[in-house]
Amino acid sequence: PEHRLTGLPDLIEGYFVIIDPVYQTQLTFPPGGSPLNDSLYELKGLLGVVLMNAPIEGTLSEKIGNLEASCSEPSSGERNCTGGLRVLYIDRCPHISGPLPNNITSLKLLRGIYIDETPINGTLPPSFHELFTTSLESLSLIKTNLDFTMQSLFNHGPTGPAPCRTLRVLRLAGENITGRLTGSFDHCRELEEVDIRNSGVEGPLPALKLQKNLTVFRLQECRDITGVIPPSYGNNTKLEEFEIVGSPNITGPIPDSFNNLKSLRELIFRRTNLSELPATLEALQNLTTLELESNNFTGLIPAWISKLDGLHTLRLGRNNFTGWEGGTWEIPPALVHLDASNNKLPRIPPNWRRIKTVRRLFLSCNHIKSIGSGWG
């Protein structure tokens with residue numbers, strides 16, 4: 001489920017190679033580790049390579065193209081295929097470096113590429129985008145040394161981007177990832193998850209008009225993203241998690257259309273310059289986490305928050321809220337964590353004396369002079 005790979009009816013025809021010495025304690029390596037041997041590329045029927053925390057040194061070879069499926073057509077006319085690399089997973093392998101081989105694009109059954117915290121470097125193969133037209137469903141490039149723009153990833157040319165038919169999960173992190181989000185993957189209709197962190201991407205937020213299956217959108221520490229949140233995001237009604245953190249040039253309101261996102265479980269805006277809350281989000285009864293800390297919100301904390309029956313965590317700290325809307329501001333019935341510190345709140349609502357569900361309550365650094373008596 002984590003990788004969301006589907007349609008693998010012939011997995012029984014091959015096998016995975018998994019090397020993870022943290023959990024496979026029976027594995028032993030010579031001092032200094034082992035080389036990444038070319039014999040890996042001669043394995044027949046190989047479906048996946050998983051290297052995690054492995055003391056293996058070397059570069060990925062162009063011989064990776066040998067891991068394409070082997071097919072035969074017997075006299076019956078039924079085509080039989082074995083092998084064909086589906087998954088390449090390299091995580092926290094500090095001695096594997098060099099560029100991605102050009103021949104990786106010849107793997108027409110490749111469903112997932114995950115290269116995380118591994119110093120793969122250089123630029124992407126020129127035809128890398130072709131994988132999005134044949135098979136690749138999940139791409140994760142986290143803290144590598146790869147240097148590319150969003151436009152080069154999706155091969156934007158004079159006539160527009162190359163087709164993107166299969167990509168469902170996009171996870172990117174790294175300062176060497178640059179370019180504009182706008183228009184870069186707008187044509188990838190099958191996207192279900194977009195997670196971009198600590199990158200050099202810039203410009204306005206993507207439109208997300210065609211991504212009707214999108215369930216997760218996260219943008220963290222992308223400081224050069226600018227502008228407002230498009231109201232059209234309210235049409236992405238399958239969204240379950242929406243997060244923008246550390247983008248101080250995001251301004252304006254949270255659109256009223258977010259009240260249409262009834263599948264939302266987490267809504268997080270932190271360290272932006274957003275300044276206005278929507279009229280209501282009362283329809284978001286599946287919401288468990290609402291984090292709005294370290295923004296530029298002012299005025300009264302709205303009463304509609306009280307009506308979010310499933311809310312567990314509410315963070316409102318480090319804004320400029322000046323009070324609670326209404327005479328009695330009710331605690332949401334399932335709330336466990338409430339942080340409204342570092343605002344300009346003058347009082348605690350009088351009906352808060354007996355709070356049944358809240359376990360952590362933070363109200364420091366406000367203008368509250370007295371909490372009164374009768375707490376318990």
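Trainee: How many disulfides does the count come to in this predicted model?

Mentor: The model is predicted, and a cysteine pair counts as a disulfide when the sulfur atoms lie within 2.5 Å. The sulfur atoms of C164 and C188 are 2.2 Å apart, and the pair forms a disulfide. By this rule the count comes to one.

Trainee: How many residues apart in sequence are the parts that C164 and C188 tie together?

Mentor: C164 sits in the loop between α2 (150-153) and β14 (169-173). C188 belongs to the loop between β15 (177-180) and β16 (193-197). The pair therefore ties together parts whose separation in sequence is 24 residues.

Trainee: Is the disulfide of C164 and C188 right-handed or left-handed?

Mentor: Handedness here follows from the torsion about the S-S bond of C164 and C188. That torsion is about 110 degrees, so the disulfide is right-handed.

Trainee: Is C222 buried or exposed?

Mentor: C222 is in no disulfide, and the nearest cysteine sulfur, that of C188, is 17 Å away. Buried means under 20% relative accessible area. C222 has 0% relative accessibility, so C222 counts as buried.

Trainee: Which residue in β21 stands opposite T251?

Mentor: Strand β20 (residues 241-253) and strand β21 (residues 266-276) run parallel and are joined by nine bridges. T251 has its opposite residue in β21, and that residue is N273.

Definitions and conventions: Residues numbered from 1 in each chain as written. Predicted model: local features only at pLDDT ≥ 70, side-chain atom pairs only at ≥ 80, totals over all residues. Heavy atoms only, no water. Pairing = 2+ DSSP bridges. Helix = DSSP H or I, 4+ residues; strand = E, 2+ residues; numbered from the N terminus. Buried < 20%, exposed > 50% of the residue type's maximum accessible area, 1.4 Å probe, protein only.
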